[in-house]
Amino acid sequence: MGLIHFLAAIAAFSVIILYICDFKWEMRLINSVFLLVFIGLSLRILSAFITEGYPGDIQCFKDWSKMLSEDGFSSFYSSDAFTDYPPGYMYVLFILGKAKDFFRIETDAAFTLLIKMPAILFDILTSVFIYKISEKRMDKKTAWLIGLIYAVNPAVILDSSVWGQVDSVYSFFLILSIYYLASDKIIRSFGLFAIALIVKPQSLIMSPVYIFYVYNYIRKNGFKKESITNIIDGITVGLFVIVGGILPFTKALDATDVIVQYINTLKSYPYASLNAFNLYAVFGGNWASINDIFILMPYSLWSIIFIVLITIGSIGLLKRNSSKGNYFFVGALLFISTFMFSVKVHERYLFTAIPFMLMAYVYNKDKRIFLLYLSLSLSFFINVSDVLYMTLKGLEQEFLEAPMMIIGFLNLFIIGFMAYTAFFSFSASPSLERYGILKGRKEDYTFFKIKKTRAFAPLGKKDYIYMGILMFLYSVIAFYNLGNTYAPETLFKLEKEEKVVIELESDQYIESLQYFVGLKPDKEFKIFVSEDYINWEEAASLETKGVFSWKDAAIEREAKYVALEASEKDCSFFEIALRGEGHKLIPISSKDAPELVDEQGMVPEVSTYKNSTYFDEIYHARTAYEIINGIKIYENTHPPLGKAIISVGILLFGMNPFGWRFMGTLCGVLMVPFIYLFARNIFKSSKWAFFTAFIFTFDFMHFAQTRIATIDSYTCIFIMGMYYFMYQYYTMSFYDTKLSKTMLPLFLSGVFTGLAISVKWQGVYALAGIAVIFFITIYDRFREYKYAKEYGIETIEKAFFPNTIKTFAACVVFFIVVPVIIYLLSYLSYFNTPGYSGIKDILKNQMDMFSYHSELVSTHPYASPWWQWPVMIRPIFYFSKTLPDGLKMGISSFGNPALWWTGIIALFYTIYLWSVKKNKNALFIMISYGSQFLPWVLISRTTYIYHYFPSVIFVAMMITYMFKDIINRKDKRFTHLYMAVFILLFILFYPVLSGMPVDSSYVYNFLKWFNSWQLII
């Protein structure tokens, strides 16, 4: 009951929040504020249970609250306990300790929630305060959205609810202090600043603002008695708060222990960077001593130089513009600059810059500031989540190099952009508003038009012909030599030390043994031979390497009888064959196991991809077979849907190479009309739709990747579907189209989201891109609403909020509920196998998958990091075989150079289209491409070039834009020449994409363009 009582107290505190913020108690306003509080509080309480939090901080807070509750304040800093926090927050912990006893909170989880609650509540208080300030400067609905944007910010939730830190506490007092400072309410401001200081010393970062204010206040008002008195009063109040806060922790008014604590806190952690992804961490200074040399000088000296420059620069900015908005803007700049260039900085020092930047946006209404707010949130989230995750995994100080460098450079870019915005864009006038959108000025909307739903032209005869030609051509080359339509099917299991005998028609020379292995790889067995069935000689000791594949082993003995003996249990085979003189098949029989030699007509002359599994087919084709036959699932590192789809091909054509590859290849065929339709909608042209589909169809990876029985083909086509239907929504407006009609593409996009994630979690990356596109679309509707409100277009003004709320509600269903249902339904295919019978087993599988992928740090000769993919430094090498006649077979997956390398140039053109020409389609393509590619930058596990496959869809579209806008306009022959080169390259590389036998000299002389390309062995 203690926790219930405590939650009731939280509800009461929510009411107190409203009272503190001095809102007018109008019913409409009460509802909106309560909704804001409810949403923010609910998200945080739920998030608080994700993990206990950062172990060291949470445990310290718990121990300190107990100490303060039991022993009081005076002996706290004189004890032998570790106490590295100043007195301010100790009052809160004292209250928490008393609350724990009063409410009889016994469980550790409830106590953890109690410890996290102050930071959570101050988060809410901050969001409500931002709402209140926003309401004074914009309409209430927009103000509420601004408050909500902070309330639901994942970076803010991560810091307080998940980590359990209290940065929101001192940040709130700093925000209030700066708000009152800019309003010339000096006493309130200095008093609040003092509270922030005794809560956390990091508040000193804001000192330059207060120094400037004192200078500016006296400059404006002169050295008059009143102005000097006001400053002195403010400083006095601040000192009074500090002294008053310290006194209860002293013994006989001796503050030595507290002062020593402050000094030790400032001296602690003498490192250049403490997990902060800043300048020093980027260049190897994470956990390096501050006395180590960094570019000719110690880190500590560089830090002093930077602090001086930061102080001068911030004062200079305030001198240029001393508006309220700039106070907050400079405050954000101080925190990120200190974070980036000062020593002894933790990963969380950036936190306060986030609410400060949002406050700056409230005052200035400049979209660049809002972009900076989002960038700071992203930077903080990645940095802190990485530190927390690695700490919880017991890998403290071992962080991912790629995120550290990327986020470090992102932060440098943010600082540069902030400086540019401040010095070259912001006016020295009292307000920055003249650089934003000013109310009531129609000329500011000259660039703006109300968007209308774009109608797509129906397909014509030409479209069907184009799609039909491409599908036919690709079907022929894709299904040709895909694999045998037969394979041995009767399985024989040999138990440990069990022996079966195979008899030959006569005593003769045995060159080799061929065997088609079953489901249990790496099982050891021995081969014995005999001429008289009495005397046996061991001829070989072998292992059942791989599954559903033919293996060869040299025997080179005279014998009439051959025996197989298992050294381990579950040693299984589908077929055994013997080869004699001239590699001829020897007729054999077996009384012990007739099913072991009953399909001799299927024995191949040599093992190749046509009759055996290769690469990851040993996992996915095997799992499909296990699904069909109710056998315990071996491969559980990906969700079931991809393997279930493979099983459809097996059910249709049997457990043979053609059967287990059929669905993937069919998927590759279906991608052709899919991308054609996608491109036709974007480019509004049959000609350019054909061009896009053509270059994608004859891309090397599209061919090689869809002919192997892995699950990437299904992920790719489902991701294509996600974006295809989201593009339809992107081009619609719920102002001129029936709302229900706009819901259909959202629903279909959600369905494809569920399908993609049910094949591979890689679909989550696409979902992130879908979300960005969706919010951009809603933002466009919001801008239209603002325009309509300004100029009295009532139909739009009245439609925005009802339609937006309904759309958001629908998206919760379409992109959360529907995908979850599809994901769970995909596990039905597992329910006829041992180990899967309910939701508990599904949840366990999620944990197993997460552990596998998060901890996968293995070496692979053909692995490659993300930055190598577009330039194809390391293709993935799947299969190679030397045939008896000396020819070679090889299969690799990589891109057509005409597409992938041209795509690098096209990417820059697409960026230009969006940034300069404001092309909305270019923005859509960039987001789609980036969401598939950029997440891999943050992945530490082993990666391969085939992870780039979904990105190729959008690379083809970028190239189409470049040819359509530039190359084709100059000379159409260049477009035709490019397509001819495309086909020529496909034909040239076809042997190493398909496994076609070829002379090795051809590969080495014409195809091996780089030493890192291993196309045959």
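Mentor: Let us begin with Asp 522, which has a relative accessible area of 41% and is therefore partly exposed, since buried means under 20%, exposed means over 50%, and partly exposed is what lies in between. Please keep in mind throughout that this is a predicted model. The side chain of Asp 522 meets that of Lys 545 in a salt bridge, with 3.4 Å from N to O. This pair links distant parts of the chain, because Asp 522 sits in the loop between strand S6 (499-517) and strand S7 (524-530), whereas Lys 545 sits in the loop between strand S8 (537-543) and strand S9 (550-566), and the two are 23 residues apart. Lys 545 has a relative accessibility of 44%, so Lys 545 also counts as partly exposed.

When a salt bridge is taken as a side-chain nitrogen of Lys or Arg within 4 Å of a carboxyl oxygen of Asp or Glu, the count comes to 25 salt bridges. One of them is formed by the side chains of Asp 108 and Lys 62, at 2.9 Å from N to O. Asp 108 lies in helix H5 and Lys 62 in helix H3 (residues 55-71), so this pair ties together parts that are 46 residues apart in sequence. Here the two partners fall into separate classes: Asp 108 is partly exposed because its relative accessible area is 47%, while Lys 62 counts as buried because its relative accessibility is 1%.

Helix H5, which covers residues 108-137, also packs with helix H7 (residues 154-163) at an angle of about 155°, the axes being 8 Å apart. Angles over 145 degrees count as roughly antiparallel, and therefore H5 and H7 are roughly antiparallel to each other. On the H5 side the contact is made by Lys 116, Ala 119, Ile 120 and Asp 123, and on the H7 side by Val 156, Ser 160, Ser 161 and Val 162.

Finally, consider a nonpolar patch on the surface, with about 1,000 Å² of accessible area together, whose residues include Val 812, Leu 824, Phe 831 and Leu 843. Helix H28 (794-826) and helix H29 (839-855) are the elements that give two or more residues to this patch, and H28 gives the most, with eight residues. Phe 831 lies in the loop between H28 and H29, and it counts as partly exposed because its relative accessibility is 33%. Leaving aside residues up to four places away in sequence, His 947 touches Lys 760, Gln 762, Trp 869, Trp 936, Arg 941 and Thr 942.

Key. Residues are numbered from 1 along each chain as its sequence is written. This is a predicted model: local features need pLDDT of at least 70, side-chain atom pairs count only at pLDDT 80 or more; totals for chains, interfaces and linings use all residues. Side-chain values use heavy atoms; hydrogens and water are left out. Patches are made of residues with over 30% relative accessible area and no salt bridge: like charges are joined within 9 Å, nonpolar side chains (Val, Leu, Ile, Met, Phe, Trp, Tyr) within 5 Å. Accessible areas come from the Shrake-Rupley method with a 1.4 Å probe; for residues, only the protein chains shown count as cover. Helices (H or I, at least four residues) and strands (E, at least two) are DSSP runs, numbered from the N terminus. Buried means under 20% relative accessible area, exposed over 50%, partly exposed in between (1.4 Å probe, protein chains only). Axes are lines fitted to C-alpha atoms, for helices over the stretch in contact, and angles run from 0 to 180 degrees between N-to-C directions. Angles under 35 degrees count as roughly parallel, over 145 as roughly antiparallel, 65 to 115 as roughly perpendicular and the rest as oblique. Contact means heavy atoms within 4.5 Å.
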